[in-house]
Amino acid sequence: FNPSPRPDPQRRALYLNILATLISAGAYVDTPYTRGVNLLETAAMYCDTDATRLLLRAGANPQHKDDAGESVLEIARKRNCPAVARILEEAIRRQQ
């Protein structure tokens, strides 16, 4: 899972379709793949609101922290991704 920062529309649709297919096949969305980074954190790194929403609907933990102790919300803010940060803040509020 490493989309280019500005993928063309076909490539973007393909990667979202692959992500949705993995989720529908039962993939565990909170599984970290390196240094505690998971799919939701990667979506936040790339300011990807569609993937963020998809992963949250599939049960991703909006309060996930990687091995460095950074939360997904902190990553979104650090990467200057206010739309993703708002989505995560709302998901965190719903958990409380």
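Mentor: A residue counts as buried at under 20% relative accessible area, as exposed at over 50%, and as partly exposed in between, with a 1.4 Å probe and protein chains only. The model is predicted, so local features need pLDDT of at least 70 and side-chain atom pairs pLDDT 80 or more, while totals for chains, interfaces and linings use all residues. Residues are numbered from 1 along each chain as its sequence is written, and side-chain values use heavy atoms, without hydrogens and water.

Trainee: Is Thr52 buried or exposed?

Mentor: Thr52 is buried, because its relative accessible area is 0%. Thr52 sits in helix 3; helices are DSSP runs of H or I with at least four residues, numbered from the N terminus.

Trainee: Which residues is Thr52 in contact with, leaving aside its neighbours within four places in sequence?

Mentor: A contact is a pair of heavy atoms within 4.5 Å. On that basis Thr52 is in contact with Leu40, Ala43, Ala44, Val84, Ile87 and Leu88. Three of these names, Val84, Ile87 and Leu88, return among the buried residues of helix 5.

Trainee: How far does helix 5 reach from its first C-alpha to its last?

Mentor: The expected span of a helix is 1.5 Å times one less than its number of residues. Helix 5, residues 82-95, has 14 residues and reaches 20 Å, close to the 20 Å expected. Its buried residues are Val84, Ala85, Ile87, Leu88, Ala91 and Ile92. Seen down the axis of helix 5, these buried residues fall within an arc of 160°, so they line one face of the helix. The arc is taken from the directions from the helix axis to the C-beta atoms. Arg86 and Arg94 are exposed on the other side of helix 5.

Trainee: What covers the buried residues of helix 5?

Mentor: The cover includes helix 2 (39-45), helix 3 (49-57) and helix 4 (72-78).

Trainee: What are the buried residues of helix 1?

Mentor: They are Tyr15, Leu16 and Leu19. These residues cover an arc of only 95° around the axis, which puts them on the same side of helix 1. Helix 2 and helix 3 are included in what covers them. Gln10 and Ser24 are exposed on the other side of helix 1. As for length, the 16 residues of helix 1 should span 22 Å at 1.5 Å a residue, and the end C-alpha atoms are 22 Å apart, which agrees. Just after helix 1, Gly26 takes a positive phi of about 100°.

Trainee: Which residues form a nonpolar patch on the surface?

Mentor: A patch joins residues with over 30% relative accessible area and no salt bridge: like charges within 9 Å, or nonpolar side chains (Val, Leu, Ile, Met, Phe, Trp, Tyr) within 5 Å. Here Leu14, Ile18 and Leu22 form one, with about 280 Å² of accessible area together. The areas come from the Shrake-Rupley method with a 1.4 Å probe, and for residues only the protein chains shown count as cover. Leu14 belongs to helix 1, residues 9-24.

Trainee: How many salt bridges does the structure hold?

Mentor: Side chains of opposite charge can pair when their charged atoms come close. A salt bridge here is a side-chain nitrogen of Lys or Arg within 4 Å of a carboxyl oxygen of Asp or Glu. The structure holds four of them. One of them joins the side chains of Arg77 and Glu89 at 2.6 Å, N to O. Arg77 lies in helix 4 and Glu89 in helix 5, so the pair ties together parts that are twelve residues apart in sequence. Glu89 counts as partly exposed, because its relative accessibility is 23%.

Trainee: Which side chain meets that of Glu70 in a salt bridge?

Mentor: Lys78, at 2.2 Å, N to O. Glu70 is partly exposed, with a relative accessible area of 22%, whereas Lys78 is exposed at 59%.

Trainee: Which residues are linked in a network of salt bridges?

Mentor: Glu90, Arg93 and Arg94 are linked in this way. Between Arg93 and Glu90 the closest N and O atoms are 3.1 Å apart. Both residues lie in helix 5, three residues apart, about one turn of the helix. Glu90 is partly exposed, with a relative accessible area of 33%.

Note on methods:
Helices (H or I, at least four residues) and strands (E, at least two) are DSSP runs, numbered from the N terminus.
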